[in-house]
Amino acid sequence: MTLPSGKLLLAAALLLSTALAQTAPPAPDRPSAQSAPAVRPAAHVPFTVHLGKRGKSTTRDRPADTKPVPWDLSTHGAKALYLTFDDGPHPIYTPKVLSILAKHHAKATFFVLGREVAAHPELLDVERAAGHHIGNHTWDHPMLTHLTDARIRQEISTGVKSRCFRPPYRDTNKKVEAIAASYHFQQILWDVDTNDWKKPGEAAIERAILRGAHPGAIILMHDGGGNRSETIAALDRALTKLAAQGYSFRSLPC
Ligand SMILES: [Zn+2]
């Protein structure tokens, strides 16, 4: 018995669509209710990334089909600082941070939460339009090492698309870093923690920035997750003093 040609065509189309679905790459910037796909096998070669002047380096897997990230943060004699802001975007505090950065001709990097971007997508556009760069800080800010592999993948893959990924609470390990690398993310931590989220007062945050500053340093602050008035006041004063010391403020190559 032979199938009518129409049924043959339908069967062939079904086979083809199944095969395509199995080979489709993950979409790292799309929220999805499904569990994220498995870590991509093969086609990865490790390379080393140098951050700052303190000899810190990390390795990641670089997919063979992409060019190396221009990730040399050595500042070639310039006194550059990398200001980073986590947990936004926030409708009240992010615009204030942006205005302080503009006042000081500073570029920065915002490690945003997927859930906050979904709530305030226009703020991400404003950040990008002002020349700042964006990093992935997961969807919902969990402690990643406490999660199953599938949940780690889901948290990372539903955050924003970027070259940079920062684990919430600095809670990471080789598995988290490898899963992030499978989505082409470079894990970025920090050199200077201002502890601004503890609201220790403007002066304490300003002092932390000024004491920690050194050429190539990555400085952690927050524009989301709570009232950031202290951070904003400290940022304005610290940038005035650091600029007078000859520092410039750059975005990470995310
Ligand atoms: Zn955070």
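**Reading a predicted fold, feature by feature**

Visitor: Among contacts between residues at least 6 apart in sequence, what share in the protein chain joins residues at least 24 apart?

Guide: Two residues are in contact if their C-beta atoms, placed from the backbone, lie within 7 Å. In the protein chain, 72% of the contacts between residues at least 6 apart in sequence join residues at least 24 apart. This is a predicted model: local features need pLDDT of at least 70 and side-chain atom pairs count only at pLDDT 80 or more, while totals for chains, interfaces and linings use all residues. Residues are numbered from 1 along each chain as its sequence is written.

Visitor: How many helices and strands does the protein chain have?

Guide: Helices (H or I, at least four residues) and strands (E, at least two) are DSSP runs, numbered from the N terminus. The protein chain has 8 helices and 10 strands.

Visitor: Is serine 157 buried or exposed?

Guide: A residue is buried if 20 or more other C-beta atoms lie within 10 Å of its own, exposed if 12 or fewer, and partly exposed in between, with C-beta atoms placed from the backbone. Serine 157 counts as buried because it has 27 C-beta neighbours inside 10 Å. Serine 157 lies in helix 5 (residues 149-157), and its C-alpha atom is 8.1 Å from that of tryptophan 139, 18 residues away along the chain. Of the 254 residues of the protein chain, 37% count as buried.

Visitor: Which way do the residues of strand 5 point?

Guide: In a regular strand the side chains alternate between the two faces of the sheet. In strand 5 (residues 133-136), His133 and Gly135 point one way, Ile134 and Asn136 point the other way, and all are buried. Two strands pair if DSSP finds at least two bridges between them. Strand 5 pairs with strand 4 (residues 108-112) in the parallel sense over 4 bridges, and histidine 133 is the bridge partner of threonine 109.

Visitor: How do helix 2 and helix 8 lie relative to each other?

Guide: Two packed helices are described by the angle between their axes and the distance between the axes. The axes are lines fitted to C-alpha atoms over the stretch in contact, with angles from 0 to 180 degrees between N-to-C directions. The axes of helix 2 and helix 8 come within 10 Å and cross at roughly 10°. Helix 2 and helix 8 are therefore roughly parallel to each other (angles under 35 degrees count as such). Tyr93, Lys96, Val97 and Ile100 in helix 2 meet Ile232, Leu235, Asp236 and Leu239 in helix 8.

Methods:
Parallel < 35°, antiparallel > 145°, perpendicular 65-115°, else oblique.
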